[in-house]
Amino acid sequence: MKPAQFDYVAPASVPEAVAVLAEHGPESRVLAGGQSLLIELRYRTTRPALVVDVNRIPGLSQVTVEDGSVRVGALVRHAQLERARFDDPLAELFRQVAPYVGHPPIRARGTFAGSLAWAHPASEWCALAMALDAGIEVKGPAGPRTVPAASWFRGAFETACLPEELVTGVRLPRPPAGAVAAFAEHRRTHSGFALAAALVMLRLAAGRVEWVRIGLANAADVPLRAVGAERLLTGERPEPELFAAAGARAAAEADPPGEPHAPAAYLRHALSTLVRRCLARAVHHAGLP
Ligand SMILES: Cc1cc2nc3c(=O)[nH]c(=O)nc-3n(C[C@H](O)[C@H](O)[C@H](O)COP(=O)(O)OP(=O)(O)OC[C@H]3O[C@@H](n4cnc5c(N)ncnc54)[C@H](O)[C@@H]3O)c2cc1C
């Protein structure tokens with residue numbers, strides 16, 4: 001199907017984009033990488049009167065490493081994160097996760113911030129943002145504000161972003177030095193969305209889990225941070241039995257959307273297994289058997 005007719009504008013700056021969005025509100029839609037929006041336009045599941053293409057705005061394509069955080073600009077593509085080389089444990093997590101987002105042409109155009117704005121429950125980046133307490137930076141006519149990931153995701157494809165606001169970047173607190181990362185995903189086809197995915201970042205000290213974060217994708221209608229499983233692990237010796245118990249706890253915290261060929265019980269089992277595997281892998285990277 002072809003998209004319904006719409007007007008198109010390509011503002012040259014953030015203030016210009018915000019002014020256009022303020023004028024047209026819910027009648028307008030931001031176009032970033034277009035890897036989700038163009039499909040919606042073609043299927044006519046969304047019919048904006050105006051598409052606001054932000055790709056010509058300079059200064060939004062950088063990953064910036066600051067003292068306490070890493071900032072991902074609104075036009076940073078998935079492929080940039082696949083090649084992340086900055087000196088922080090987050091770079092390792094980006095490199096592990098990015099190859100699972102669609103396939104190379106999707107990753108060449110699609111953006112990290114666009115994924116958070118679209119809020120697909122199976123999005124790997126949304127799970128990462130949730131696990132690491134990202135702050136989503138938006139600008140609207142009322143000025144800038146930063147929304148914590150925990151209040152950003154309101155439901156499947158629903159966020160706290162107002163129609164007149166533009167996401168300008170995402171700020172991720174830097175994990176403690178020496179933290180290690182692991183990611184695992186179960187999906188039907190190589191370029192399909194996750195049936196279940198888990199990511200772990202942890203740091204060991206004196207042979208025990210000192211700090212840990214666990215994120216889950218397609219585990220509910222919003223991305224999840226498995227706080228109960230994190231509590232179970234913190235302060236404990238990293239042993240296979242503990243990994244299995246933490247996997248089971250994480251799965252119990254999830255409420256996965258069952259499908260005819262992948263019922264909820266199957267998805268829970270997959271989440272439990274993926275968390276267990278990630279923990280074992282992360283601890284192995286950290287240098288313990
Ligand atoms: C075949 C295929 C496979 C895919 N597989 C995966 C996968 O495995 N995992 C995954 O997570 N995703 C997957 N995707 C989606 C892909 O990652 C998209 O790139 C991503 O979801 C959206 O990013 P985008 O930059 O393309 O956003 P767009 O498509 O341009 O926009 C998506 C939505 O977000 C809004 N938006 C975008 N940027 C902003 C902004 N700066 N401010 C305000 N609103 C904004 C738009 O208005 C629109 O509503 C897949 C897509 C396809 C076509």
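Student: Why is the crossing in which α10 passes α11 called right-handed?

Tutor: A crossing is right-handed if the near helix is turned clockwise from the far one by less than a right angle, and left-handed if anticlockwise; α10 passes α11 in the former sense. The model is predicted, with local features needing pLDDT of at least 70 and side-chain atom pairs pLDDT 80 or more, whereas totals for chains, interfaces and linings use all residues. Residues are numbered from 1 along each chain as its sequence is written, and side-chain values use heavy atoms, without hydrogens and water.

Student: What makes α10 and α11 oblique to each other?

Tutor: Helix α10 (residues 240-253) and helix α11 (residues 264-285) pack at about 140 degrees, with axes 8 Å apart. Angles under 35 degrees are roughly parallel, over 145 roughly antiparallel, 65 to 115 roughly perpendicular, and the rest oblique; α10 and α11 are therefore oblique.

Student: Which residues of α10 and α11 meet?

Tutor: In α10 they include Phe 243, Ala 244 and Gly 247, and in α11 they include Arg 268, Ser 272 and Leu 279 (contact: heavy atoms within 4.5 Å). By class, the contact of α10 with α11 has 11 nonpolar, 2 polar and 2 charged residues.

Student: How are α4 and α7 oriented to each other?

Tutor: The axes of helix α4 (residues 89-97) and helix α7 (residues 124-131) come within 11 Å and cross at roughly 155 degrees. Therefore α4 and α7 are roughly antiparallel. The contact is made by Leu 93, Phe 94 and Val 97 of α4 with Glu 124, Trp 125 and Leu 128 of α7.

Methods. Axes fitted to C-alpha atoms, helices over the stretch in contact; angles between N-to-C directions. Helix = DSSP H or I, 4+ residues; strand = E, 2+ residues; numbered from the N terminus. Nonpolar A, V, L, I, M, F, W, Y, C, P; charged D, E, K, R; others polar.
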